[in-house]
Structures are given as C-alpha cells and as structure tokens.
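Subject: Structure for you to look over

Hello,

Here is the structure I promised. Please open it first, then read my notes below.

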Amino acid sequence: MDVAAKKRLLREMLFARRFEERCYEAYVERKIGGFLHLYSGEEACAHGVLEAANIGSDYVITSYRDHIHAIKSGMDPKEVMAELYAKETGCCKGLGGSMHIFGVEHRFMGGYALVGGPFPLAAGLAKGIKMKGGSEICICFLGDAANNQGTFHESLNMAKIWNLPVLYVCENNLYGIGTRIDRSTAVVDQYKRVSGYDIPSEQVDGQDVEVVYAAAQKAINHVRSGKGPYFLELMTYRYRGHSMSDSNAYRAKDEERVWSKRDPIIMLRDRLVEAGEITEDDYKKMDDEILEDIENNVIKFSEESPEPSMDLLEKYVLAENDPWVHGGPK
Amino acid sequence: MANIMLWEAIRRAHDEEMTNDPLVICMGEDIGVAGGTYKATNGLYDKYGPERVIDTPISENGFTGLAIGASFIGVRPIVEIMSVNFAWLAMDQIFNTAAKVRYMSGGQLEAPVVIRSAGGTAHQLGAQHSARMEKVFMGIAGLRVVTPSNPKQAYGLLKSAVRCNDPVFINEHEIMYNMKGEVPDEEFFHPLEGSEVTRPGRDITLFGYNISVHWCLQAADILSKKHGIEAEVVDLYALNPLDREGIRNSVSKTHRAMIVEEAEAAVGVGSEVMAIINEECFYELDAPPGRVSAKNVPIPYNHTLEKAAIPNANDVVNAVLNMFGKNG
Ligand SMILES: Cc1ncc(C[n+]2csc(CCOP(=O)(O)OP(=O)(O)O)c2C)c(N)n1
Ligand SMILES: [Mg+2]
C-alpha cells in the first residue's frame, strides 16, 4: 500500500470514528431514534477489506452495524446521516433507519437486522453474478455471534457446492451483545469452523488496516479467480455498547484498556508519524477539518432536511402499476 | 385446449418462462435430477442444466434466502418448498427479507421471487405433514399470495408470478397435482389479484379457494338439485390482497355468505372474508355470514379421524341448510 493510500485511509477511518461518535451525540439529543449500533473501534475491518475490493462494482452486504460499510462503499455520509435522522433526503427516505442503510447504485445491498440473515442473501448475490457472467464478487460482513445461526452453515455449504464468488468477512469483536464468545460458542476461533465446509479461511488482526488489507487482497483474489468462497476472520473490538441501549457492564475494564491500546486509527497515525509522512499537527488539522465537515455539511444537511411526506407511508409495499398483476401488458 | 394434469400445467409454465428468460431459474429439494416430488419440474434439468435447475440441500431458510438475494440483481427464481410444513423454516427470509426489502430500502431493491409450496391434508401424512398455512402467509404486507384451484390457474398464476416484481407465494395442494383440467394452448397470464365466479347463483355465496372450491361446487350442486337453493361459488385464487370488490359484488347480490376453508378457523381466510363483508356490505346481509373450517386440532394419522378433522361438501351443504333454517 503506498503512502498516499495510507494517508487517505487514515482520513477515512478518522472520519468514520467522528461520524459514529456524532451519531452517539445525536442519539442522546433524541435526533436519532430506534436502535443505533456504532462501529467505533472496528474501522480497520471495513476499510481494510473494501480497500482491496472494486468499490461500486463488487456487491457488499452486512448487518445492522452498517453505516461505515455504506460510506466506504461510496455512499454520501449526508444521505446516511439523514436516514438516521429519518428525513426524506435519507438514502431510504426515512423508511429504513440505522439498521437498514441501502445504496444500491453503489452496490451496497443493505443492512439487515436479523442476525445471520445476510449469509444466504450474499450467496444469492454471488449466484446472480455467476449467472450473469460478471467478474464481480459479493462481500458479506457479519459478526462473530451470527455464526451460531443455521444460515451460516447452510450458506457456507451452498456457496461451496455451487462454487459461488462470495467472501464472508467475520468481524469478531468477541461479543454478541452481552455474551462473550466463549460462553456462546464451542469453537471460539471462527475460521476453524469453516473447515467443515472445505472453504479456505484465515484469522488476522482486525485492528491493523494494513494487515486486513493484505489478507483481503489474498481472499478477494481467490474468490475473483473463480476458486469459490473464502472466509476471513478479523479480530476486533467495539468501544461502545452493543447498541445505544446497552450499558456495556458485562465487559472487564482491563479488557477494554488492552484493546484501546490497539486502536486502528492511532496505530496507523503513529506509523505514519514515525515514518515522517505526517506530523502530529497534520493529524490534528485533519481531525479539525473532519469535525467541521461533519458539523457544517453532514449534520446541517440532516437537520435542515424535510420529514418524509405522508404519501411515502404506503408507497413501497407492492410494485407500482405492475402489469403482470392484471394478466400482463394490454 | 389441452386436458392436462395440474403438475403438467406447472411444468409447462416453468418451461415456457425458462425459455423466455435465461435468468429464470428453479430450485428446491429433489427438483432436478429426480424430477421433483410432484413432477412439476420433470425433464427441466436435462433441458436447462444444473446452473438453472438446482437441486438444493435440505436448507429451506438458506436456499430461499439465496433465491431472494439472487432476485435482487435480476435473477427470477422459482423456489419449490417440498411441503408448506417445511416452509416454516424459511419464514425468516420470506417475511423479514422478501416482503420488506423494497419498503425498508425506500424503493431501491425488490425481491421478485416465486415460492411454490404444497400444503393441505393429504392421505394420512400425520400432523407434521398436513399443515394448511395460507392463513400465515396471507397476512404479511409486501407478500402476494395466490392459490390455484385447477390446472389453468396453476399455469397462469405461475406465469404471472414469475414476471411480477413482487415476491409471490403460491399455495398448492398435495393431492391436487394429478387433477385434470383444460389449459389453453396459447400462452396466458392469470391475474394475481381478483376472484372468479365459478358458478353463478342468487341465494347465497360460497367462498372457496384451492381445494375448497371443489367442495363448494359439489355442495352447490346438491343444494340446487335437492334443496332448491342456488348457490354462487366464488374462487378466491388471490389471498393477498383479497378481492374486496368481488366479495362485495357477490354478497350484495346473494345477501348471504359461507366461507369454506380447509384450515382451522382461527385467524384465517374465513375470518378475514367475514371482516371484509362486515366492512363492505353488512347492511346487505339477510343472515350472519358463516364459515366451514377444519377442527382446531393437529391433523391425526387415523384416516377416519383425519377425514373428520377437515370439512367436505356435505359439511358445506349442512351449514347452508342451517343458515336457511332448513335443518332438523
Ligand atoms: C435472529 C435474531 N436474533 C436475535 C437478535 C438480537 N440481536 C441483535 S444483534 C445480536 C448480537 C449479534 O452479535 P454479532 O453477530 O457478534 O455482531 P455484533 O453486534 O457483535 O457486531 C443479537 C442477539 C436479532 N437481531 N436477530
Ligand atoms: Mg460480535
């Protein structure tokens, strides 16, 4: 990865952190409703993997912890934040919410709230790619606890027998809400579970964006070259509670401290400073610019956007004027 | 006009749609090499190959979800779930994804997937193979539900379902695949909404769907011949959305209604149609609407008990005679 790319990634990850922390504030101010799951601490996962993908061409799908995957996939942070604000200018016109961010023109195929739900959808997208003869792949990001759903096993099995171009990325943050992985899961190393389906897999440090990027390159090459599915496990940690309604009381402070020393943004920053590529001041300036950008553009846009109009309420339930409902075009 | 079996009609619809559009695929357990439990995909594996006629592992939620995901980007999957009893396992993907994705994405994505499944009480299949689940599917916003009562409908409904951009659940019946009926030789697309007056009448409307249409027709015959009651039979081939206008039109004419369903009464087609009658034409009624439903039990294995658990034409006749005060 060249220096320019590293600097850009530093800025993108810092933007992601500030974006999520600003969501936190907006939630406390009751500007954002419902469930809100933040990605702080896990930035290197989405950024490292998608840096190695063909953004806008490869399909991306994930769970409810989806803001940052959406933005890294090319979506405008304004339309993401406006969606959280439930405004008509939001990507889903205020009908989706935090857990259902969609940006289909960027091939960001959505955030889904049912744990494990995207596993088979990703396999299906890969099946569609294969049928249409494209060179794209599908990348599916899910949590560690999702692997205890039947869909995990069903989808890995189908992806393997049908040789589908899908990369499953497990963001292993050690918890499913408040239950630590060793209390819920017989085999805690998730990459090992995949060997039962004869799918190649790897576990790497999910806090180091360069490590993630290198592992993702290898994984994506495998999938894109027609060799079938791949499973990448990224060891990571979320700083906030599971969602805004989570007190986070189940985690030892020591554990949190250990992980905070491996912050993906700080690690990259320090590396760039040490190499003389940026100064502390550059970083501070970058941070200020980002904070200003979020406030003056993203938040302002969301605050000032209109509420969805009432005629949206019943609009997208069924297809509009579909001739086949009435026996075909007349 | 060919007189063919219902499975042949479904097979023909698959074949035509797969020829018409290379992105139409079908998938399910044993549908390919083995030709399908009900023969509905017989011969298609040889004709279209394993990429398009897919024998799945026994993973209902998984392969239904896979079909839904593929449908996001233009694939038109026809999923066969061997029995509706197994469709419970795919509810997550059908309800949580297919039915909601257009809405929650603000119109960005849709899931034009067809899910066919065989339900109903057959011959001594026992409690876990005799579910009638249309009541569960028909109450979900964003999911169309249709249910054929004859080969012509089975053919035309599947044809339209494949082309429609909504997810469509087709509720078939275990023991109707060998039923014969006329299907037009030329291609035709059956509407996915509406209802059909199968037999006109003036004294009462019998509402049926799928197999119960046949009980209604038999009952109407008996009522006419033996009791001088002219029943109108309305076939509710579309269960979601239900045909409010058709229900109102018929009841406004006959002023009486009996809904006949193979499923248990609670929260079912009968209760829903009654509610619509109340809302649409309550003051046109000469008598409270009635319903003929299954007993509220899991289906027993013993054949005599099994038959007693679900309605038949005689039950319909008796219920109508009761309504007219002609019994006992
Ligand atoms: C089917 C289902 N069951 C339960 C839940 C409630 N739930 C939401 S997130 C979650 C934990 C998931 O953990 P993991 O997959 O590790 O992802 P993370 O939140 O850690 O990113 C649970 C139990 C749900 N949304 N869906
Ligand atoms: Mg987790």
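How far does a polar side-chain atom of Asp144(A) lie from an oxygen atom of ligand 1? The distance is 2.9 Å. More on that site below.

First, the ground rules. This is a predicted model: local features need pLDDT of at least 70, side-chain atom pairs count only at pLDDT 80 or more, and totals for chains, interfaces and linings use all residues. Residues are numbered from 1 along each chain as its sequence is written, chains are lettered from A and ligands numbered from 1 in the order in which they are written, and side-chain values use heavy atoms, with hydrogens and water left out.

Asp144(A) sits in the loop between E3 and helix H6 (150–161) of chain A, and Asn173(A) in the loop between E4 and strand E5 (175–176) of chain A. The two are 29 residues apart, so the pair links distant parts of the chain. Helices (H or I, at least four residues) and strands (E, at least two) are DSSP runs, numbered from the N terminus.

Asp144(A) is buried, at 2% relative accessibility. Asn173(A) is buried too, at 5%. Buried means under 20% relative accessible area, exposed over 50%, partly exposed in between (1.4 Å probe, protein chains only).

Ligand 1 is surrounded by 15 residues; the closest include Tyr64(A), Arg65(A) and Ala113(A). The cut-off is a heavy atom within 4 Å. Asn173(A) also places a polar side-chain atom 2.9 Å from an oxygen atom of ligand 1. Ala145(A) uses a polar backbone atom, 2.8 Å from a ligand 1 oxygen.

The chain A sheet

The sheet is open, with 6 strands in the order E2-E1-E3-E4-E8-E7 and parallel pairing. Strands E2 (108–111) and E7 (201–205) are the edges, each pairing on one side only. Twist averages 15 degrees from one strand to the next. Pairing needs at least two bridges by DSSP. E1 (59–62) and E3 (138–143) of chain A share 3 bridges, and Val60(A) has Ile139(A) as its bridge partner.

Asp58(A)

Asp58(A) lies in the loop between H2 and E1 of chain A. At 1% relative accessibility, this residue is buried. The Asp58(A) side chain reaches the backbone nitrogen of Ile137(A) at 3.0 Å. Beyond four places in sequence, its contacts (heavy atoms within 4.5 Å) include Ala53(A), Arg107(A) and Arg224(A).

Strand E2 of chain B

In chain B, 5 of the 5 residues of E2 (24–28) are buried. Both faces are covered: Val24(B), Cys26(B) and Gly28(B) on one side, Ile25(B) and Met27(B) on the other. In a regular strand the side chains alternate between the two faces of the sheet. E2(B) runs parallel to E4 (76–81) of chain B over 5 bridges, with Cys26(B) opposite Ile78(B). E2(B) also pairs in the parallel sense with E3 (53–55) of chain B over 3 bridges. There, Met27(B) partners Ile54(B).

Best wishes

Terms used. Axes are lines fitted to C-alpha atoms, for helices over the stretch in contact, and angles run from 0 to 180 degrees between N-to-C directions. A polar contact is a pair of N or O atoms within 3.5 Å; within protein, one must be able to donate a hydrogen and the other to accept it, and residues adjacent in sequence count only if both atoms are side-chain atoms.
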